[in-house]
Amino acid sequence: MALGKEEVLSALQGVALPGGGDVVSRDLVRALAVQDGTVRFVLEGAAQPELEAMRPALEAAVRALPGIISVTVVVPAGPPRGLGNTAQQQKGPAIGGHAKPQSGPQKVPGVKTILAIGSGKGGVGKSTVSSNLAVALARAGKKVGLLDADIYGPSQPRMMGATKRPASPDGQTILPLQAHGVTLMSIGLMLKEDEAVIWRGPMLMGALQQMLFQVKWDEYGPLDVLLIDLPPGTGDVQLSLCQKTTLDGAIIVSTPQDVALLDAKKAIDMFRRLKAPIVGLIENMSTYICPNCGHEAHLFGHGGVAAEAARLDLPFLGALPLDLEVRLAGDSGTPIASGEGPAAQSYAVLAQGLIAQGLI
């Protein structure tokens, strides 16, 4: 009788791992193929050194089966890193494994409303808007969470001034940080600042699912709103977000010029196709006031986003200035919305407008 996958998986289950469990129960085996005595599979979903250490025992267990001719175990480069307090020898969940099957979109525990903030393209200040809007809403008395969903280019840890590594007491639940009154989670909190994430789409989608459902978002109290800072474009993260959770709305950020608006319109079309309601549009970098002479200039044009919102019959949520202080504040980890002044007031007005709409 020909050897099948069930026999191979049973053999793999017989190899106990140092941290408990086995590669099958921990869902680390991918792409298992068994044919004519040849076995091949991929180990993925834990740190590379841990996977490499498992390899010899797993190969030996499979070779011991009758009729086995060859065994190939592949460990991809650039694996995810675990979470936890290494000083206390706590092992957190491996981030970036393949997404778990779901019957459909699910509510995120401890979160009342989820709003995605997208742009369709990079360079329009979407992450800056996300961090400052989160802080402005928190200052307005709302319980706010901020999820940095830009897996390849996380910037919220720097913008929010958060450097501590999230803890995971039980190895499954991730405890988020809090900065400027905002509950925060980003994969950037688990990496060195200059360390690249080199993952395929399935691992990225798995990481997003984990940061949605394994993070204890109500660690500091149930959230009125979770803002999700999306990466540029209309790809895996946006699609996974709409498939995995119930998205209450999307906010589109664009600068006024035509090139940015072209991509913003693609983002709007994507959310509409995914049945996610568009909350409204924000024009960022709308006006520049010279700090020396007070002259008002429109470096990227002006009013283009408001005009596009009117054409599409969508709410225009407001215009935000182009201000050097906004950039300096973000680089220093103290969002401009946490202080006073015209720029902070612009975000306060934006936050109050969303609250007045009953969205939060």
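**Contacts, strands and burial**

Author: In the protein chain, 75% of the contacts between residues at least 6 apart in sequence join residues at least 24 apart, a contact being heavy atoms within 4.5 Å. This is a predicted model, in which local features need pLDDT of at least 70, side-chain atom pairs count only at pLDDT 80 or more, and totals for chains, interfaces and linings use all residues. Residues are numbered from 1 along each chain as its sequence is written, and side-chain values use heavy atoms, with hydrogens and water left out.

Reader: How many helices and strands does the protein chain have?

Author: Helices (H or I, at least four residues) and strands (E, at least two) are DSSP runs, numbered from the N terminus. On that basis the secondary structure comes to 10 helices and 13 strands.

Reader: Is strand 10 largely enclosed or open?

Author: Buried means under 20% relative accessible area, exposed over 50%, and partly exposed in between (1.4 Å probe, protein chains only). Six of the six residues of strand 10 (residues 278–283) are buried, so strand 10 is largely enclosed by the rest of the structure.

Reader: Which residue of strand 10 stands opposite I252?

Author: Two strands pair if DSSP finds at least two bridges between them. Strand 9 (residues 249–254) runs parallel to strand 10, and five bridges join them. The residue opposite I252 is L281.

Reader: Which residue of strand 13 is the bridge partner of I282?

Author: Strand 13 (residues 316–319) pairs with strand 10 in the parallel sense, over three bridges. There the bridge partner of I282 is G318.
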